[in-house]
Each structure stands twice: as structure tokens, then as C-alpha cells.
Amino acid sequence: MAKNNPGALWGHLHYLQIGSPHPERLAHFAYSALQMTVHQSGADWICCAPDRMLVYSPGPVRSLLSAGYAVAEPEKLAALKQRLVHHGVALEAAPLNFFEADAVTFRDPDGNCLCFGRPVHRNPAAESLPARLQHVVVASTDAERMTRFYTEVVGMRISDRVLDEQHQLRTTFMRTNREHHSLAVFQADSCRLDHFCHETTNWNLIRDWADHFSEEGIILKWGPGRHGPGNNLFIFIHDPDDNWIEISAELETVLEQQPAGVWPHAERSLNLWGRAPLRS
Ligand SMILES: [Fe+2]
């Protein structure tokens, strides 16, 4: 077992709850641009499509209110709970009713709310182009501390790190299964949501999503390109709050015990094909 990993946490990203001063505007965008069904529950706007759920709630613009990861085994949840208690991390009530009662909810060092649990059954959502909610990326003022927390306490594994010329950590890509990353943390001057990503099934589907965005009058903000870490093909759009939304394909799968790689802090690491906005 890797020294930085006290008990691998196998799971995948299940939902994101995103704050906005105008959550209904983002829900309407999810309906038209992301082909999701939408219903209002109190102050929350719940958007669903096969293999993805987004919840838009009142809150600061571009804020991550909570992220939910699906974990199949109750014993993994019990072990996570034990590690959190051992490290003095306070447990909270689940912010949404998307998981069974043994869900484990807590905050990371930046205050982001994380919820790990066994998803409750939901009726199948309407059909859409394939896109599975796959990863979320947060900006942090202390990426080193966040990386230690997610690996040593939560149980994620590091797939790749991006280091600058002074060997300072700029980005960590972490995984919760054999996919290269389901969470990444950028070093930045504030703590915030950076972007979230849907993995589609192949390059042609990225074309189909881009055609759909075009029909909706939405222009691509970045891409098409291919990331260095993860080797995934990508396009990005913005929602009305300027949240970055990614559609990707061909995300690398890694060996269970694959050691962490290192990439330079350079445009080419973000985009092997061309230009890249360096945000960390
Ligand atoms: Fe991404």
C-alpha cells in the first residue's frame, strides 16, 4: 500500500452543487445547453441527465457548495469515517438527499463540502448526448495542504503533479478509481470552483456536442485540444456565470498502483495541441 494512501477510496463523481446569485438562470442553461431535465426543490434547481447531476443553489457566484462521490461499499465509507474522525475532521449532515443514510460528509481545509455515499435510486433521466460527470477542479491558496488532506485522510491517489521551475506545486491530479483524475487542485490566489468535466464516449461525440452548442448559440471558449496529464481530448464552454464546463474523451486509465508523474508548469502541459490559459 502506498505510504500516502491509508486505504484506497474507490468511487466516482456523482453530483455537484454549485452556487449562483441566479441559480434559475444556470438551470435553464443546463436544460438547453447540457440537455438535462430540470426541477425546482425549494431554493435548489436539480438538473439531471444519465450519469450526471448538477444542483444550482443560491450562493456566491462560481462557488462549489458541495461535491458528491458515489462509493459502492459500506465498509469503504466506514473506513473513511474512521480516518476523518482520527484526524479530527468534523462530520456534517449531508447537504442533499442523494445518498443513503451512511453517507459521510465533511469539509476539506479550504471549506469545500464533500459527501461520499451510496447513491439512492432515482428515476432514469431523459435522453441526451452521452456525457458522464467525471471530475471537478478547485482552485486553492494552499494546494500542498489540500493534496495532503485528500491523499492522507480521504484516501485518493496522486496520478500527476505539475511543478514550476522552483519545484513548487501548481496542480495535483488525484483519482478515486482507475481513471486518471476525478479531482484536481490548482494553486491560485483564491479558493473557488475552477471547472467541472463530463466525459463522453469518443472524439466524434465531442464533435456532436460542439454542433449542439453551435445550434444553441454557444461558442467554445477553449479547444479542441488534448491535455498533457490525463491525455484527454477536450472542449470548454462557459455557462452564464462564466463557470468553465468541459466535455472530454479518451481520459487515460492508469494502473491501480501507478506512481505519480510530474509535468512542468507550461502551456504544453495543459494543451499538447496549442495554446492554454495558465490559471494556476
Ligand atoms: Fe478538466
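Predicted model: local features only at pLDDT ≥ 70, side-chain atom pairs only at ≥ 80, totals over all residues.

Analyst: Ala 103 is buried, because 23 other C-beta atoms lie within 10 Å of its own, and the cut-off for a buried residue is 20 or more.

User: Where does Ala 103 lie?

Analyst: Ala 103 belongs to the loop between helix 2 and strand 6 (104–107).

User: And which residues does Ala 103 touch, leaving aside those up to four places away in sequence?

Analyst: Its contacts are Ala 94, Cys 115, Phe 116 and Gly 117.

User: How far is Ala 103 from Arg 170 in space?

Analyst: The C-alpha atoms of Ala 103 and Arg 170 are 31 Å apart, with a separation of 67 residues in sequence.

User: Moving on to domains, what does the assignment give?

Analyst: The domain assignment gives domain 1, covering 12–117, and domain 2, covering 132–270. Their centres, taken over C-alpha atoms, are separated by 18 Å.

User: How many residues does each domain bring to the contact?

Analyst: Domain 1 brings 28 residues and domain 2 brings 30 residues. On the side of domain 1 that touches domain 2, at least two residues each come from strand 1 (12–20), helix 1 (23–32), strand 4 (52–58), strand 5 (63–70) and helix 2 (74–86). Strand 1 supplies the largest share of that side, five residues.

User: What is the make-up of that side of domain 1 by nonpolar, polar and charged residues?

Analyst: It divides into 15 nonpolar, six polar and seven charged residues.

User: In what sense do strand 8 and strand 12 pair?

Analyst: Strand 8 (residues 132–140) and strand 12 (residues 192–199) are antiparallel, with seven bridges.

User: Lastly, helix 4: what span should it have?

Analyst: Helix 4 (residues 203–215) has 13 residues, so at 1.5 Å a residue it should span 18 Å; its end C-alpha atoms are 19 Å apart, which agrees. Gly 217 follows helix 4 and has a positive phi, near 75°.

Terms used
Residues numbered from 1 in each chain as written. Pairing = 2+ DSSP bridges. Helix = DSSP H or I, 4+ residues; strand = E, 2+ residues; numbered from the N terminus. Domains from an automatic or database assignment. Contact = placed C-beta atoms within 7 Å. Nonpolar A, V, L, I, M, F, W, Y, C, P; charged D, E, K, R; others polar. Expected span 1.5 Å × (residues − 1). Buried ≥ 20, exposed ≤ 12 C-beta atoms within 10 Å, placed from the backbone.
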